[in-house]
Amino acid sequence: MEHKQYDAVVIGAGPGGYACGIRLGQLGLKTLVIERGSVGGVCLNVGCIPSKAIIHAAKTLEKTKHAGAIGVVVESVHLDFQQVQAWKNGIVRKLTGGVSSLLKANKAEVLRGEARLAGSGVVEVVTEAGPVRVEAPHIVIATGSRPIEIPGFSFGGPICSSTEALSLPEVPARLVVIGGGYIGLELGQAYAKMGASVTVVEAGDQLLPGQDPELVGVVAKKLAALGVTVVTQAKAVGWVPAGQGARVEVEVQGRREVFEADKVLVTVGRRPNSEGLGLEALGVALDRGFITVDAQLRTNVPGLYAIGDVAGQPMLAHKASMEAEVVAEVIAGKAAAWDVTAIPAVIFTDPEIATVGLTPAQVAERGLAVRVGKFPFAASGRAMTTGDTDGFVKVLVERDTERLLGIGIVGPQASDLIAEATLALEMGAHVDDVGLTVHAHPTLPEAFMEAVKHAVGAAVHTVNQTPAARP
Ligand code: NAI
């Protein structure tokens, strides 16, 4: 067996693993990144990036259809789904190629193969050219997560995970989405815009369980306007083939209902890829499948670290990338640790939902006294000029200290707007830090500033609560 020796080995090349490889290379460590699939992982190949391309194509189609309202008359508009796929695939190719170049530029080697821990500091890799034994004093597990399968709904045929749903040969005429969470709503809504008749089956009481219902309500309204059927308190229990498609059996509040589908998208969550890595033999501590790590991303086994989805919630690419940089610096002997106040979360529905910090429910659970500030996009000049006025910014401010505790945005470019809110939380901002910052006009971030001022009765472009919170 071929033997190789490195300073550090990273298993997995998703947004956690590749970022870690790049940073380790920058810090001068002889680094190997092992990947069984494609560099870029789920995010670049079959997740965040291709889904956002499809969502953008669907949005462009919908916008073009309604462009007559702003005086742009398009005689005929149709979808070339093959071209959407080709465009999306081109983006994935460019990005994954870019990541490979960055790894190379930083002298991090990439080995294609399936890795397994074979002892302390030892990794065995099954490659096309045969097995390779790699030794390193530092090993980082960044193996990510995969979609959960529910009993009776194994992926294959008409039953798709998000992976297949991103590469369908055509827009399905009838799509049943099981699970009204992040992925189900992002893709379900995009396919509805592209002409599919979509039904979302959600086990919880509302779509996006756990999210502020006031934010979710705006998206639910848009789904209804698109003709999407939403069935809550509904559990998919089985399916039978019907032609090329499926008849999906659903238990809705104790009743059996059947939904006909050409494709069924199952998006009921993801689970960590922690099996088959040899973790048990090394005695690595796990918690419900997630590898347990400390603030320096160390596992309980010396020299072994874990980052990203496999190391716990939230399973978000930007959390993985941040952990990657921390662990690379820890390995390089720098004084680094995970010390983050706020991790933003974005749901790329229409309108988008973006949140950071505490939700109203969490504030209530903790018994915190807060002021709520709100600003509707219907009152934003910029939102009007782009024709996207649905939604609002909602901020929670601690009553006594007037510090920001949480921000929820549903509306245009919420995904971008959340960056300023995240910086504010990370810096422990007081309302005046935001209120005394000049925001360019006319722009959407003014809505965040106005919502913050509204919390203390000082908004200029919306009516303040009476009595003013801070006269
Ligand atoms: P999710 O956890 O967001 O939603 C799963 C939904 O399925 C929940 O609403 C749950 O109540 C429902 N459910 C569970 N079992 C069910 C059943 N038998 N029948 C009907 N409904 C059922 O999971 P999802 O959408 O698969 O996404 C997984 C993770 O991937 C997310 O939690 C997130 O961390 C990440 N992600 C992030 C994105 C982003 O940042 N924009 C986009 C997509 C995924």
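## A right-handed crossing: α1 and α9

Helices α1 and α9 cross in a right-handed sense, meaning that the near helix is turned clockwise from the far one by less than a right angle. Helices here are DSSP runs of H or I with at least four residues, strands are E runs of at least two, and both are numbered from the N terminus. The axes of α1 (residues 17-26) and α9 (residues 317-331) come within 8 Å and cross at roughly 35 degrees. Each axis is a line fitted to C-alpha atoms over the stretch in contact, with angles running from 0 to 180 degrees between N-to-C directions.

Before going on, a word on the model: it is predicted, so local features need pLDDT of at least 70 and side-chain atom pairs count only at pLDDT 80 or more, while totals for chains, interfaces and linings use all residues. Residues are numbered from 1 along each chain as its sequence is written, and side-chain values use heavy atoms, leaving out hydrogens and water.

On the α1 side, Ala19, Cys20, Arg23 and Leu24 meet α9 residues that include Ser321, Ala324, Val327 and Ile331; contact means heavy atoms within 4.5 Å. By class, this contact has seven nonpolar, one polar and three charged residues. Ala, Val, Leu, Ile, Met, Phe, Trp, Tyr, Cys and Pro count as nonpolar, Asp, Glu, Lys and Arg as charged, and the others, Gly among them, as polar.

## A left-handed crossing: α3 and α6

The crossing of α3 and α6 is left-handed. Their axes come within 9 Å and cross at roughly 35 degrees, with α3 spanning residues 48-65. From α6, the contact uses Glu186, Leu187, Ala190 and Lys193, which meet α3 residues including Ile54, Ile55, Ala58 and Glu62. Six nonpolar, one polar and six charged residues make up this contact.

## Around the ligand

Helix α6 also turns up at the ligand, where it gives the most to the shell, with four residues. Both α6 (182-193) and β14 (234-242) supply at least two shell residues each. In total, 24 residues surround the ligand, the closest being Ile183, Glu202, Gly269, Met315 and Val346; a residue is near if one of its heavy atoms lies within 4 Å. The shell has 14 nonpolar, six polar and four charged residues.

Which atoms pair up with the ligand's nitrogen and oxygen? A ligand nitrogen is 3.0 Å from a side-chain N or O atom of Glu186, and a ligand oxygen lies 3.0 Å from a backbone N or O atom of Tyr182. For Gly269, a backbone N or O atom lies 2.9 Å from a ligand oxygen. Taken alone, the ligand exposes 840 Å², and the protein buries 79% of that, by the Shrake-Rupley method with a 1.4 Å probe.

Terms used. Polar contact = N/O pair within 3.5 Å; in protein donor to acceptor, adjacent residues only side chain to side chain.
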